[in-house]
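Have a look at it first, then read on.

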Amino acid sequence: MTASPRMSSDDPPGDRATAVAKVVRVVEALTEHSGVSEISRKTGLPTSTVHRIIQELVSLGWVRGDGDHGYLPGAGLLTLSAQAASDAGMGIVVPILERLRDETTHTVHFAMRQGDQAVYVAKVEGRRAYEMRSRVGLAIPVHCTGIGKALLAALTEDEARAILSRAGMPAATPRTITDADTMIEHLRAVARRGYAIDDEENELHTRCVAAVVRDHRGVPTGGISMSAMAFEIDQKRVREVAPLVVAAAREVSQALGYRPTAADLAPPLRTRQ
């Protein structure tokens, strides 16, 4: 005789959905809603059940906080989705990355923020004689990578400082910025020009140009980068490829549902009032 799945004590009478079915309900609801109460109404599950499921998914990297008491699909879920979808992975995002690769001939990455770091969820290898050592699923620091700095520069100063304090700023190379005040001034320059440069700060002999990606609510949620050996990207080459990277990041943002608002266009890295 097979026992029926055990229900949580806070599940309403008559709801005999299995634990797996409840998780699926929550994950599906996350595509439209971010708050626990909203997800509870959408799924018909108690808020305590939704909160418990979400916290477990957060610990697994499948869900991430949005910085405003809500939740979004995390890097783990996005990575799995991209891998499972193969050629159609991430919808229309991958073709955008491929076009940027074709325009520049260099390796292109798409990373999503996960807590105080970022994780690569897509990579399109460049058309060069070498390959970059990066891989999908790799977590990267935000203080010394192009994508990380593009993300930080799109936040308020208080938010950026909080992340730098929690994550730390260890030196990955002699060129890494390890002082928070110096980084904040650097991020102001990033915000003004609209793109970030990893100038051999995460790995010697490698240079990257990156721009921020926003989600459907305008929240800085990831970034696009173009990476190559440093000798191939001098200052002139940076100026040539930066507009292409920025345009690709904007197109990915729009593919994720982003539509600029007056609030989004306010000066980034501002001090929270």
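In strand 7, valine 209 is the residue standing opposite isoleucine 197. Strand 6 (residues 196–199) and strand 7 (residues 206–214) run antiparallel, with four bridges joining them; two strands pair if DSSP finds at least two bridges between them. Six residues sit between the strands of this hairpin, and glutamate 200 takes a positive phi near 60° there.

Some ground rules before going further. This is a predicted model, where local features need pLDDT of at least 70 and side-chain atom pairs count only at pLDDT 80 or more, while totals for chains, interfaces and linings use all residues. Residues are numbered from 1 along each chain as its sequence is written, and side-chain values use heavy atoms, with hydrogens and water left out.

Zooming out, the protein chain has nine helices and eight strands; these are DSSP runs numbered from the N terminus (helices are H or I, at least four residues; strands are E, at least two). Of its 273 residues, 46% are buried, meaning under 20% relative accessible area with a 1.4 Å probe, protein chains only. Taking contacts (heavy atoms within 4.5 Å) between residues at least 6 apart in sequence, 57% join residues at least 24 apart.

| Residue | Loop between | Relative accessibility |
|---|---|---|
| Valine 142 | strand 5 (139–140) and helix 6 (146–153) | 8% |
| Histidine 106 | helix 5 (93–104) and strand 3 (107–114) | 2% |

Leaving aside neighbours within four places in sequence, valine 142 touches residues including Asp116, Gln117, Leu152 and Ile163. Its C-alpha atom is 8.4 Å from that of alanine 167, 25 residues apart along the chain.

Last up is a helix pair. Helix 2 (residues 36–43) packs against helix 3 (residues 47–59) at an angle of about 115°, and their axes are 9 Å apart. Here axes are lines fitted to C-alpha atoms over the stretch in contact, and angles run from 0 to 180 degrees between N-to-C directions. Helix 2 and helix 3 are therefore roughly perpendicular, the label for 65 to 115 degrees. On the helix 2 side, the contact is made by Val36, Ser37, Ile39, Ser40 and Thr43, and helix 3 brings Thr47, Val50, His51 and Ile54.

Terms used:
Buried means under 20% relative accessible area, exposed over 50%, partly exposed in between (1.4 Å probe, protein chains only). Angles under 35 degrees count as roughly parallel, over 145 as roughly antiparallel, 65 to 115 as roughly perpendicular and the rest as oblique.
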